[in-house]
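The structure comes first, and the notes follow by topic.

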Amino acid sequence: MSVKDTNVFERGSDVADRENAERDLPVTVRRDVNTVLAGFGGQGILFMGKVIAYAGLLDGREVSWLPSYGPEMRGGTANCSVCISDAQIGCPLVTAPDALIVMNQPSFEKFVPTVKPGGVIVVESSIITAKVECNNVAVHYVPATTLAEQHGLKGLANIILMGKLLAAAGFCSVETMTETIKKIVPARKAHLIPKNIEAIELGMKA
Amino acid sequence: MSQRVLMKGNEALAEAAVRAGCRHFFGYPITPQTELAAYMAKRLPKIGGCFLQAESEIAAINMVLGASAAGARVMTSSSSPGISLKTEGISYIAGSDLPALIINIQRGGPGLGGIQPSQADYWQATKAPGHGDLHILVFAPNSVQEMVDTVASAFALADEYRMPAMILADGMLGQMMEPVVLPEEGNVTLPEKPWATNGHAGEVRNIANSLYIEAAELERLVKARFERYAEIEEKHSRHETYGLEDAEIVVTAYGATARVAKAAVRDARAKGIKAGLLRPVTLWPFPKKAFEDAAKSAKAFLCVEMSMGQMVDDVRLAVQCKRPVEFYGRTGGIIPTPAEVLAEIEKLAGGAE
Amino acid sequence: MAIVFQKPKSLTDVPLHYCPGCTHGIIHRLVAEAVDGLDMQAKTVGVAPVGCAVFAYNYFNCDMVEAPHGRAPAVATGVKRVCPQNLVFTYQGDGDLAAIGTAEIVHAASRGENITVIFVNNAIYGMTGGQMAPTSLPNQVTQTSPYGRDVKTAGYPIRVCEMLSTLTGTAYAERVSVDNVPNIRKTAKAIRKAFEIQKAGLGFSIVEVLSTCPTNWGLSPVESLDWLRDNMTPYYPLGVYKDTTNEGGAA
């Protein structure tokens, strides 16, 4: 099949060229991952998504991060779609994720049935008691909030869960993730970098 | 070359405008464009610019009119209901031959509608962005990078032709983050504006006005403006194609929807269906010639939109009804999925046998 | 030979279109004289309204912008933010300023926008042929209040200077009249003062000028001046409503 991009838009052609160049890479090197992250507002859902997207950016890949946005500022449900790919991201809204992190019951009910066969689900099991009744997906139950408290990592439950997803879905290397944490944590919170890295390691082993 | 950074569409638009030399922003809060104004509120005062939150969208667009008349590179941004309020001012800006950039991060309508992504303002942007005989330039970028790349050229064309330009995006493009390479920061040379109302005396004084009480004079001016519009249609329509050379089914979509459509076209190709994508990058001027050309070999067109089908008539006109033009769309803030679009392509491919 | 009287430089030679006996001509002249007096002609940008003064851009001999109906304060804001050193004024009637443009005038004042507003109040819509204005008096007969303005259904006239003087951003608000020579002199002084306040960067200034509309009031020019004195000044008392010059401008 020969599909050629003829882009008449001046700057846009750079994107097309990059896309074509990257499509020639061996596909086995890097996996495309379409992720949904969901929970309550305040659980760090959107930040977790930013970390994943930023890791893709550091790897020089195409990424997209799309938040849900609604009228509620606090306490409502929050979710976001993150795509990492070597080609231009088609639809940044992920309707059939191959990776899912859920941090509350409503999100569990809403998103678990949307996961693609062969996909990965990470469940925050200190908040969600339900079990996934479907055997064509890999499910990991991580009591992240409890683990965070036990290890002096309060507030980093989201990062622990992301560590688990990193181990299970391999959306980037551990080195890239460490680099990402160093870059994305704001300077005024730089003292939290080691804690974040610890949380990722804890999650990977969980 | 600048670094690739991860930026939200709304914020990237704002930074791109700053780097294109825009130092004046007038706006009013509305979801889902608010980050653009918030970014300007933070950025502009630090570089000697002016951010002003107006009392309404109506006031904001009229501040744009005043600032543009005074010679500034100026912009405003809003979302669908707010753009409706701005249409009065857009008409006056067009009628006064003033440049300006207006950004519409569309949401569902009509009325208060919703706050989720939509493309239901196509008719408004391309057919009636205000009362009277007028056009504005309408750009429909499909990624955060292309939004950034569009800003400078929208400002430049608006200046060149002394008319308003609009970037017609949507809540998805405004809210999402993508890697983007920003243009270098530096001194932008803005064009001379000898017509600006910024203080002159006697013989050389300038007037920014859209009132012509003599019908013949108004007709002459409008006709002269339409000659410029004809030149723009000739020189500045933009489009992008993907896999069009041997395409039997031509999917057409603009903005964020074009990405969904492109994914569906790829999937169709993988299934052996000869599909291609024709994406209008400018909605006014509409890339008619590209459609005419595509109609020569295509068997059918499929127009995909986040609306009830507002661009589809322009597609039919452009292909002069020589080929069937079908429509698939979602509205109210729902984004069509690649699977849905693929199903439509398959239906057409089956029917095209 | 010494020149003792001449047309201000800041007025063009275009003949005014106003009706016989209308006081817009006097007010135009006073504004132009004030611009000349400050030697600001080359740095002045005026904003014309929609209404009788819609052609003001033909008469004031300086850069002019024609605004949509009621939006002159917003347009002037845009001009002033780009050119803070310029003298920027709007020239607006009562329908333009106190009905369709209420939001724009209130917020320009509340921002302390450093512009000057010349507000011509003649208690009627002139250009469209004599309809009730937001400043039409109780019981005043107009085309759209043919039985007289009934305050029970049409509400009460707005006193603009009083209202705007409550706003912190307003540096100067004065109501004047052009019904006789002493009042015309006071009007000239008020406009000059408003422009000086703007030049000093003290904030928003407004001069409300009570004016006549012989055509739509159905009176002769002389009767109109009497009607203004007898009916308008009791409801709209003349005087300075706010002057922050001594405190160094709007707080």
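About 2500 Å² is buried between chain C and chain B, with carbon and sulfur atoms giving 60% of that area. The model is a predicted one. Within chain B, the domain assignment gives domain 1 (4–180 + 211–235) and domain 2 (240–351).

**Chain C against chain B**

- The contact involves 35 residues of chain C and 32 residues of chain B.
- Two salt bridges are found across the interface of chain C and chain B.
- In a salt bridge between Glu88(B) and Arg71(C), the N to O distance is 3.1 Å.
- Polar contacts across the interface of chain C and chain B link 16 residue pairs, both residues at pLDDT 80 or more.
- On the side of chain C that touches chain B, at least two residues each come from strand 1 (44–48), helix 2 (56–59), strand 2 (63–66), helix 3 (72–82) and helix 5 (102–110) of chain C.
- Helix 3 of chain C supplies the largest share of that side, seven residues.
- By class, the side of chain C that touches chain B holds 17 nonpolar, 10 polar and eight charged residues.

**Strand pairing between the chains**

- Strand 9 (residues 207–208) of chain B runs parallel to strand 2 of chain C, and two bridges join them.
- Opposite Ile207(B) stands Met64(C), a residue of strand 2 of chain C.

**Domain 1 against domain 2 in chain B**

- A distance of 26 Å separates the C-alpha centres of domain 1 of chain B and domain 2 of chain B.
- Contacts between the domains of chain B involve 30 residues of domain 1 and 24 residues of domain 2.
- The two domains of chain B bury about 2500 Å² between them, and 54% of this lies on carbon and sulfur atoms.
- Gln119(B), Tyr122(B) and Asn142(B) are the residues of domain 1 of chain B that lose the most area to domain 2 of chain B, together 30% of what the domain 1 side buries.
- Four salt bridges are counted between domain 1 of chain B and domain 2 of chain B.
- Glu233(B) and Lys288(B) form a salt bridge in which the closest N and O atoms are 3.4 Å apart.
- Across the interface of domain 1 of chain B and domain 2 of chain B, 16 residue pairs are in polar contact, with both residues at pLDDT 80 or more.
- Helix 5 (122–126), strand 6 (137–139), strand 7 (164–170), helix 7 (171–175) and helix 8 (215–235) of chain B are the elements that give two or more residues to the side of domain 1 that touches domain 2.
- That side of domain 1 of chain B divides into 17 nonpolar, seven polar and six charged residues.

**Backbone features of chain B**

- The peptide bond from Thr31(B) to Pro32(B) is cis, and its omega is near 5°.
- Pro32(B) sits in the loop between strand 2 (24–27) and helix 2 (34–43) of chain B.
- A cis peptide bond also runs from Gly109(B) to Pro110(B), with omega near 5°.
- The loop between strand 5 (100–106) and helix 5 of chain B contains Pro110(B).
- Gln320(B) is not a glycine, yet its phi is positive, about 50°.
- The location of Gln320(B) is the loop between helix 11 (312–318) and strand 15 (325–329) of chain B.

Notes
Residues are numbered from 1 along each chain as its sequence is written. Chains are lettered from A and ligands numbered from 1 in the order in which they are written. This is a predicted model: local features need pLDDT of at least 70, side-chain atom pairs count only at pLDDT 80 or more; totals for chains, interfaces and linings use all residues. Side-chain values use heavy atoms; hydrogens and water are left out. Contact means heavy atoms within 4.5 Å. Buried area is the accessible area (1.4 Å probe) that two parts lose on being put together, summed over both. A salt bridge is a side-chain nitrogen of Lys or Arg within 4 Å of a carboxyl oxygen of Asp or Glu. A polar contact is a pair of N or O atoms within 3.5 Å; within protein, one must be able to donate a hydrogen and the other to accept it, and residues adjacent in sequence count only if both atoms are side-chain atoms. Helices (H or I, at least four residues) and strands (E, at least two) are DSSP runs, numbered from the N terminus. Ala, Val, Leu, Ile, Met, Phe, Trp, Tyr, Cys and Pro count as nonpolar, Asp, Glu, Lys and Arg as charged, and the others, Gly among them, as polar. Two strands pair if DSSP finds at least two bridges between them. Domain bounds come from an automatic or database domain assignment.
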